[in-house]
Amino acid sequence: MTLVADAPASGPAPEAPIEAFTVTLIIRRFDPDVDDEPRWQDFDVQMFATDRILDALHKIKWEQDGSLTFRRSCAHGICGSDAMRINGRNRLACKTLIKDLDITKPIYVEAIKGLPLEKDLIVDMEPFFASYREVQPFLQSATEPPKDKERIQSVADRARFDDTTKCILCAACTSSCPVFWTDGQYFGPAAIVNAHRFIFDSRDEAASTRLDILNDKEGVWRCRTTFNCTDACPRGIQVTQAIAEVKQAIMRGKP
């Protein structure tokens, strides 16, 4: 009897190892205890194409310079903590992939503009949140809902303000606005977006109050429609359109 050997099993070809490369980050540093003015410092880090700028900042902080200071929390584009200027554009560090940037050149990272710089990539967010609070961003209704029932809203009514519910208060839009850079009293796009969310909510009864607040020299009329805010929003909100809709509501005297 003739024995025939089994043919060798053919499996998938082994995957090529993922290649790492060196990226240079030039970060605008500022320590109020030792620096009179901000300074630029460069760092070389080994990264992969699918890494994010936030990963690069972690590697620098954990492996090279533990004094590097920045905010971050969820690391998935929901909390809005890590907005910063990356190559001159406002972005979330956790949503900016290394492969989407030109790594043949240094990557410049600095704090967002228009808010007081505290340390390195951290700014004082209190002026931003003060404007947010001033537009009363919460549902107000003197009418009680039916007993043991919710306030009913149609699909169309809900869709009217759906876009502006997406705001994560990262300040990327407000700190990209040239009017906000030069006029610290301007409410800024984020505050107006959050006012829009309630002005056009059919369940809310305080739209006229918010329209009066925004019908001010530091309100919606300071907007110059440069679209910086829309371009900067990491959630894709049509910020400039929302501001225009609030302007129209003010002129009509109602949403």
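The questions and answers below concern the domains and salt bridges of a predicted model.

Me: How far apart do the C-alpha centres of domain 1 and domain 2 lie?
Reply: The protein chain is divided into domain 1, residues 21-123, and domain 2, residues 125-143 + 155-252. The C-alpha centres of these two domains lie apart by 28 Å.

Me: How much area do domain 1 and domain 2 bury between them?
Reply: The size of an interface is often given as the accessible area lost when the parts come together. Here the contact takes 16 residues from domain 1 and 16 residues from domain 2. Of the area buried between the two domains, 63% is on carbon and sulfur atoms. The buried area is about 1200 Å².

Me: Which residues in domain 1 lose the most area to domain 2?
Reply: Three residues of domain 1 together make up 40% of what that side buries. They are Asn90, Lys113 and Leu115.

Me: Which element gives the most to the side of domain 1 that touches domain 2?
Reply: Two elements give two or more residues to this side, strand S3 (83-86) and strand S4 (89-92). By class, the side has eight nonpolar, four polar and four charged residues. The element that gives the most, with three residues, is S4.

Me: How many salt bridges are counted between domain 1 and domain 2?
Reply: Side chains of opposite charge can pair when their charged atoms come close. The structure holds 16 salt bridges. Across the interface of domain 1 and domain 2 there are three residue pairs in polar contact. The count of salt bridges between these domains, however, is zero.

Me: Are Asp55 and Arg52 buried or exposed?
Reply: Asp55 and Arg52 form a salt bridge, with their closest N and O atoms 3.0 Å apart. Buried means under 20% relative accessible area. Both Asp55 and Arg52 are buried.

Me: Why does Arg158 count as partly exposed?
Reply: Arg158 forms a salt bridge with Asp162, the closest N and O atoms being 2.9 Å apart. Arg158 counts as partly exposed because its relative accessibility is 32%.

Me: How many residues apart in sequence are the parts that Arg222 and Asp183 tie together?
Reply: The side chains of Arg222 and Asp183 meet in a salt bridge at 3.0 Å, N to O. Arg222 lies in the loop between helix H6 (207-214) and helix H7 (228-232), and Asp183 in the loop between helix H4 (178-182) and helix H5 (189-199). The pair therefore ties together parts whose separation in sequence is 39 residues.

Definitions and conventions. Residues numbered from 1 in each chain as written. Predicted model: local features only at pLDDT ≥ 70, side-chain atom pairs only at ≥ 80, totals over all residues. Heavy atoms only, no water. Domains from an automatic or database assignment. Contact = heavy atoms within 4.5 Å. Buried area = accessible area lost by both parts, 1.4 Å probe. Salt bridge = Lys/Arg side-chain N within 4 Å of Asp/Glu carboxyl O. Polar contact = N/O pair within 3.5 Å; in protein donor to acceptor, adjacent residues only side chain to side chain. Helix = DSSP H or I, 4+ residues; strand = E, 2+ residues; numbered from the N terminus. Nonpolar A, V, L, I, M, F, W, Y, C, P; charged D, E, K, R; others polar. Buried < 20%, exposed > 50% of the residue type's maximum accessible area, 1.4 Å probe, protein only.
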